[in-house]
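These are notes on the fold, arranged as numbered points.

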Amino acid sequence: MKVVSIVGMAGSGKSEVARVFEGAGYARVRFGDITDEEVRRRGLELNEKNERLVRQQLRTEHGMAAYAKLSLPKIDRLLEAGNAVVDGLYSWEEYTLMKDRYGGRFAVVAVWASPETRHQRLAKRPIRPLTREESRQPGRCRDTESEQGGPIAMADFTIINESSLEALERETKRVVAALI
């Protein structure tokens, strides 16, 4: 059984790629769900400010591999029945934890889109949209605060997502087929 982690900057298309993997039979784990669940558990409004606070606190408590550590039990359960796709891999520490744990069963797919394309998508997304100006504000700019460079550089596959959803789906299906 395989674990495939999707890595990419905000707005690159990670969740769309994960959906294609789901359609191919992979069970999905979204690291961001941990933040959403913790925000709700604390009785806070689900917004960028509270999500950021929770992310920082979880990483302070569990280290930079927090999301991978907290997801391992779920991933292991899913692997008993089949393959798993992880939507979001946010740090080098998460990458190394997953690589050490799953070895040759672990693969990384990087999804790349230019900053201009990503900013346009972020402004249009239905959940937590960000204008170009908002996405560049301190505390909101995941481009400059991201720890994803290492995992992106170490990706086993890279998907360029600069055109249509259909093209992204075709390229993702090619990657899924290569992983069989």
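1. Buried means under 20% relative accessible area, exposed over 50%, and partly exposed in between, with a 1.4 Å probe and protein chains only. The model is predicted: local features need pLDDT of at least 70, side-chain atom pairs count only at pLDDT 80 or more, and totals for chains, interfaces and linings use all residues. Residues are numbered from 1 along each chain as its sequence is written, and side-chain values use heavy atoms, with hydrogens and water left out.

2. Gly82 sits in the loop between H4 and E3; helices (H or I, at least four residues) and strands (E, at least two) are DSSP runs numbered from the N terminus. Gly82 counts as buried because its relative accessibility is 14%.

3. Five strands form an open sheet in the order E2-E3-E1-E4-E5, with parallel pairing; two strands pair if DSSP finds at least two bridges between them. E2 and E5 are the edge strands, each pairing on one side only. From one strand to the next the twist averages 20°, where angles run from 0 to 180 degrees between N-to-C directions and axes are lines fitted to C-alpha atoms, for helices over the stretch in contact.

4. Strand E3 (residues 84–87) is joined to E1 (residues 3–7) by four bridges, and Ala84 is the bridge partner of Val3. E2 (residues 27–30) also pairs with E3 in the parallel sense over four bridges, with Val29 opposite Val86. In a regular strand the side chains alternate between the two faces of the sheet. In E3, Ala84 and Val86 point one way, Val85 and Asp87 the other way, and all are buried.

5. At the other end of the strand order, E4 and E5 pair in the parallel sense over four bridges. Val109 stands opposite Phe157 in E5.

6. Ser5, in strand E1, is buried, with a relative accessible area of 0%. Apart from neighbours within four places in sequence, Ser5 is in contact (heavy atoms within 4.5 Å) with Val86, Leu89, Met98, Phe106, Ala107, Val108 and Val109.

7. Which residues of helix H1 (residues 14–23) are buried? They are Lys14, Val17, Ala18, Val20 and Phe21. These residues cover an arc of only 155° around the axis, which puts them on the same side of H1; the arc is that of the directions from the helix axis to the C-beta atoms. They pack against E1, E2, E3, E4, E5 (157–160) and helix H10 (165–178). Just after H1, Gly25 takes a positive phi of about 100°.

8. Helix H5 (residues 92–102) has Glu94, Tyr95, Met98 and Tyr102 buried. Seen down the axis, these fall within an arc of 100°, so they line one face of H5. Their cover includes E1, H4, E3, E4 (106–112) and helix H9 (149–153).

9. The axes of H3 (residues 48–62) and H4 (residues 66–79) come within 8 Å and cross at roughly 80°. The two helices are therefore roughly perpendicular (65 to 115 degrees; under 35 is roughly parallel, over 145 roughly antiparallel, the rest oblique). Arg55, Leu58, Arg59 and His62 in H3 meet Ala66, Tyr67, Lys69 and Leu70 in H4. By class, this contact has four nonpolar, one polar and three charged residues; Ala, Val, Leu, Ile, Met, Phe, Trp, Tyr, Cys and Pro count as nonpolar, Asp, Glu, Lys and Arg as charged, and the others, Gly among them, as polar.
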